[in-house]
Amino acid sequence: MQYSLKMQGIHKHFPGVHALDDVSFDVEAGSVHALVGENGAGKSTLMKLISGSLVPDEGSIEVFGEAVRFRSPAEAQHHGISMIHQELTVVPERSVASNIFLGREPRALGGLFIDYRALNTQAKALLDRLDVRVDPTVPISELSIAQQQMVEVAKALSYNARVIIMDEPTSSLTERETATLFRIIRDLRADGITVIYISHRLEEIFEISDRVTVLRDGRTIRTDATADLDEDTIVSSMVGRTIDTIFPKREVEIGETILHVDGLSGNGFRDVSFSLRKGEILGISGLVGAGRSEMVRGLMGIDPVDGGSIDLFGQPVTTPRVAGMMRRGFAFVPEDRKEEALFLGMSVRDNLVVSLLSRLFRSGLIQYGRLGEVTAQYIDKLRIQTPSQGQLIRNLSGGNQQKVIIARCLALKPSVLILDEPTRGIDVGAKAEIHTIIGDLAAQGVGIIMISSELPEILGVSDRIVVMKEGRVAAQLDRTEATQDLIMQKAATGGGS
Ligand SMILES: Nc1ncnc2c1ncn2[C@@H]1O[C@H](COP(=O)(O)OP(=O)(O)OP(=O)(O)O)[C@@H](O)[C@H]1O
Ligand SMILES: [Mg+2]
């Protein structure tokens, strides 16, 4: 058996964190190897050691039988290892081709100028190999996240990568885009390329991987052939205990109407009407691009609306604005949390209490001790992994950063909570935790609007489901009548049955 990678006795410390503790990890050449574990288990850190962006404190790494010690991503790339990071690192204003060959552009006239014709031809050849139909000359920012993801794969190929690491590549892809990525992964494997694949979606692991390694608290728990595993075994290895990943929906008494939206229109959504009652969880489903995020952003007053009316607790809201909506008890967890919601240079505590603070400032009552208490409470409730409240949020793992944003909104004790893809990038244990919290809030009378692209989540949590298609409401379904098939049908065709 040939191994593309062998790691032995790997340790990595950060201040206050033993991120990797005696990890061993072997990957067979030409296989798809999945790496799973809870948020903060050490997956990204381990991959950064292989791809040269971090150096291990201890331990050995062999690449195709050769002992290596990478001090930079360039050295790892030289050995055929390429990593596609959890957060994409593209230069938005540059073209697709420039992004693929950044810093390595073919040159003309003795190296004085970039040879754009050669650049674009070479980029096109790589994209063709992946069967990705994208114009190499357009700015990469014009591409969807999925297409940018494919460009990153093309970039990896441009380094003649023999090992490609994908750190949660599908967290913002649609099902169809995921299928395309999987086709590409299978083609890569057929060409003898090794793919290391990180995901919190276990059904993907079963679909695409040959072997699975589970990490927990920085330790390797097990490595098995995927065919020998089932979902329960993976989950209990990940969390170290057996958990129910599906919580029965909590039965809550639904109260009076608190929000009524009538004919709301704006950029990307038209004539949207629905109402929300006390204690009700309203799921919003639809394909990516159906205008779901745009609609709630309009409702929240983040983006302008150009028509329709909003009635809140029987009072008309003429022009929604964020500050005013928050004062009226709205809280919002946006889809793009990293870009929009995190203050990367600030601590976990400050990120968690920032919205609460502005409220307390207004009331003239700031109790700093209380802020620490609130933070401690949510760190515990959502099991946010951090060495201290003062840790900079940029040092937390991707999923733990997400949990902080959700905690920020929960701490506001809102009367209407809007969540856009609340469990994207969040591990199975914490996901169940978040569903329980949503259920508890509903029981306390909070009205909840939840956008989710995961149908099991929508079906499991919602009382009522609004299905959007092309910016409009295609259907409103009660939980008793909703099924995956019916939602998909409404989302795709708007009609049917
Ligand atoms: N630069 C850093 N400074 C300090 N601590 C860090 C740093 N990078 C990672 N950590 C810590 O190391 C641990 C492992 O983090 P890592 O990002 O590898 O987790 P992960 O398994 O990728 O989680 P997720 O599923 O949330 O992405 C976490 O406790 C994290 O807070
Ligand atoms: Mg990670």
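Guide: The shell around ligand 1 takes at least three residues from each of domain 1 (3-239) and domain 2 (257-493). Keep in mind that this is a predicted model.

Visitor: How many residues surround ligand 1, and which are the closest?
Guide: There are 22 around ligand 1. The closest are G40, K43, T45, S397 and G399.

Visitor: Which distances apply to the backbone of G40 and of G42?
Guide: For a polar backbone atom of G40, an oxygen atom of ligand 1 is 2.8 Å away. For a polar backbone atom of G42, the distance from a ligand oxygen is 2.9 Å.

Visitor: How much of ligand 1 does the protein bury?
Guide: Ligand 1 taken alone exposes 640 Å². The protein buries 90% of that.

Visitor: Which elements give two or more residues to the shell?
Guide: They are β2 (17-28), α1 (43-50) and α14 (398-411).

Visitor: How do the shell residues divide into nonpolar, polar and charged?
Guide: Five are nonpolar, 14 are polar and three are charged.

Visitor: What is there between domain 1 and domain 2?
Guide: Contacts: 18 residues of domain 1 touch 17 residues of domain 2, in the sense of heavy atoms within 4.5 Å. The domain centres, taken over C-alpha atoms, are 31 Å apart.

Visitor: Why is D224 called buried?
Guide: Buried means under 20% relative accessible area. D224 has 19%, so D224 is buried. D224 sits in strand β12 (residues 219-225).

Visitor: Which residues does D224 contact, leaving aside neighbours within four places in sequence?
Guide: D210, R211, V212 and L229. There is also a polar contact between the side chains of D224 and R222, at 2.8 Å.

Visitor: Why is G369 called exposed?
Guide: Exposed means over 50% relative accessible area. G369 has 52%, so G369 is exposed. G369 belongs to helix α13 (residues 368-381).

Visitor: How far apart are G369 and D427 in sequence and in space?
Guide: They are 58 residues apart in sequence. In space, G369 and D427 are 31 Å apart, C-alpha to C-alpha.

Note on methods: Residues are numbered from 1 along each chain as its sequence is written. Chains are lettered from A and ligands numbered from 1 in the order in which they are written. This is a predicted model: local features need pLDDT of at least 70, side-chain atom pairs count only at pLDDT 80 or more; totals for chains, interfaces and linings use all residues. Side-chain values use heavy atoms; hydrogens and water are left out. A residue is near a molecule or strand if one of its heavy atoms lies within 4 Å of it. A polar contact is a pair of N or O atoms within 3.5 Å; within protein, one must be able to donate a hydrogen and the other to accept it, and residues adjacent in sequence count only if both atoms are side-chain atoms. Accessible areas come from the Shrake-Rupley method with a 1.4 Å probe; for residues, only the protein chains shown count as cover. Helices (H or I, at least four residues) and strands (E, at least two) are DSSP runs, numbered from the N terminus. Ala, Val, Leu, Ile, Met, Phe, Trp, Tyr, Cys and Pro count as nonpolar, Asp, Glu, Lys and Arg as charged, and the others, Gly among them, as polar. Domain bounds come from an automatic or database domain assignment. Buried means under 20% relative accessible area, exposed over 50%, partly exposed in between (1.4 Å probe, protein chains only).
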